[in-house]
Structure formats: structure tokens, C-alpha cells
Amino acid sequence: YLVKPVRQRELNATVQMALARVRATRARMQAERRLRLALETAKLGVVTLSEGMDLVEIDGHVPPVADSSVRGLRMPVGEFLLHLSEDAQAKVQHLLDHGGDLHIVARWRSPDTELPARWLEVHASYVANELAVVGICRDVTQQVEQEEAARQATVVFESAADAILILDTQGRVMTANPAFARLTGWPTADIRGRHPNDFLHARRS
């Protein structure tokens, strides 16, 4: 009900303002949907800590926290930090206290000791105009495990007492371990790119 006469111009202005608010709300909701889709597609999570709050807000894909994508999940800062190693805790705390930027790869410690270890890569910064620390994180457990397996394989390769050759798909030498040069007299530099049959018919003098 109208309690007083309304001029057409005022009514039109009010309607236009209402429509503008509706459009702005729709645009914001669409942007949020796109962000969630982008986070899910890239398997990324967003961690936010607003100044003056003792809660970390988590959105997106953070497997150590939840198996599926989350939205607005909140966790006390102290609890969040306890999941990180002491070194990572110190770096995060320094960011919270002094601002700046942070890039770490940290092990996520679960209260359930029977669960396999998970690793997170975190890029975070203090955003002054938002008065908050905002970080992007992703699960890099598979990459860390592959790097560790490669490191262990390198140790075995370098220290093995038996001669080992690594060949490419064409059967040419890519590298050899120290034992190969010691046992055959052929240094790696002299056999790289050659087929083993070209030089293994006899011991090098």
C-alpha cells in the first residue's frame, strides 16, 4: 500500500535501484560459482584468516581437511597450526604477526596416526585492503612421494656394487652408475648415446 502519492520519476528511480541491486547480487553469485568451479577443477583450496578473528576459513579442495570440496569451513587457528610441522608453524605465525608472503610445502599431521601422511603446498600473503591473510593451497602428496622415491632410487643407483646402465627407448645409454665405470673401465661420458653392444664385447684396456 502507498501511504502517500509517489511521483513517477521517484518510482522509476526506486525500481532502477532495486534492479541494480538484483543484477549486482546475481553477478556476485555467478562469480562465486565460477570461483568454486575453478577451485574444484584445479583441485585448489583457499585459506583465509581475517584480522581480529581466531578462525581459519577454508573453501575448495583441501583433502587433508575433508574428502570433498568444502565451503566456509571454519577451524580455530591454533588447531589449524597444530596440523603443521614446527618449522611450518613458525613460518605461518611469522606471516600472521608481520605480514608479507609465504610459500611452503608442509606435512599435514592427522590426529589419526594410522592415516598416511599428506603434504600441502601453500602460497599465502597478507592482503592489506582486506585486512586478512589469504592463501591458496593444494595437495602435493603424490609429487612429494614421487620425489622421495626418486631420491631413494638415486641413492641405490649411486651406491650399488653392481654395474647398472640406464637406456632410452632406442636402447642407447643415458647414464651409468659409478660401479659400471669401476668394473668395466668405461666412464659414462664415453658411452652416453651408444648402444651397449658397441662397447660391452670386451673390457676396455
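## Salt bridges

The count of salt bridges in this predicted model comes to seven.

D87 and K91 form a salt bridge, with their closest N and O atoms 3.5 Å apart. Both residues sit in helix α3. They are four residues apart there, so about one helical turn separates them. D87 is partly exposed, at 48% relative accessibility. K91 is also partly exposed, with a relative accessible area of 38%.

## A bridge between strands

Which residue pairs with E121 in a salt bridge? The partner is R138, and the closest N and O atoms are 2.6 Å apart. E121 belongs to strand β5 and R138 to strand β6. The pair therefore ties together parts that lie 17 residues apart in sequence.

Is E121 buried or exposed? E121 is buried, because its relative accessible area of 13% falls under the 20% cut-off. R138 counts as partly exposed, at 34% relative accessibility.

R151 and E148 meet through their side chains in a salt bridge, at 2.7 Å from N to O. Helix α4 covers residues 141-159 and holds both partners. They are three residues apart, so the separation is about one helical turn. R151 is partly exposed, with a relative accessible area of 46%. E148 is partly exposed too, at 32%.

Side chains of opposite charge can pair when their charged atoms come close.

## The largest nonpolar core

The largest nonpolar core contains 24 residues. F80, L84 and I104 have the most contacts inside it.

I104 shows how the chain comes together here. Neighbours within four places in sequence are left aside. I104 is then in contact with A88, K91, V92, L120, E121 and V122. Two of these contacts also take part in salt bridges: K91 pairs with D87, and E121 pairs with R138.

## A second core

A second core is separate and has six residues. Its members include V173, F180, I191 and F199. In soluble globular proteins, nonpolar side chains tend to be buried together.

## Q89 in helix α3

Q89 is placed in helix α3. A polar atom of the Q89 side chain lies 3.1 Å from the backbone oxygen of L81. With residues up to four places away in sequence not counted, Q89 touches L81, L82, L84 and R109. L84 is also one of the residues with the most contacts inside the largest core.

## The loop at L131

Where is L131 placed? It lies in the loop between β5 and β6. E121 and R138 belong to these two strands. L131 has a positive phi of about 50 degrees, although it is not a glycine. The residue is partly exposed, with a relative accessible area of 46%.

Note on methods
Residues are numbered from 1 along each chain as its sequence is written. This is a predicted model: local features need pLDDT of at least 70, side-chain atom pairs count only at pLDDT 80 or more; totals for chains, interfaces and linings use all residues. Side-chain values use heavy atoms; hydrogens and water are left out. A nonpolar core is a set of buried Ala, Val, Leu, Ile, Met, Phe, Trp, Tyr and Cys residues joined through side-chain atoms within 4.5 Å. Buried means under 20% relative accessible area, exposed over 50%, partly exposed in between (1.4 Å probe, protein chains only). Contact means heavy atoms within 4.5 Å. A salt bridge is a side-chain nitrogen of Lys or Arg within 4 Å of a carboxyl oxygen of Asp or Glu. A polar contact is a pair of N or O atoms within 3.5 Å; within protein, one must be able to donate a hydrogen and the other to accept it, and residues adjacent in sequence count only if both atoms are side-chain atoms.
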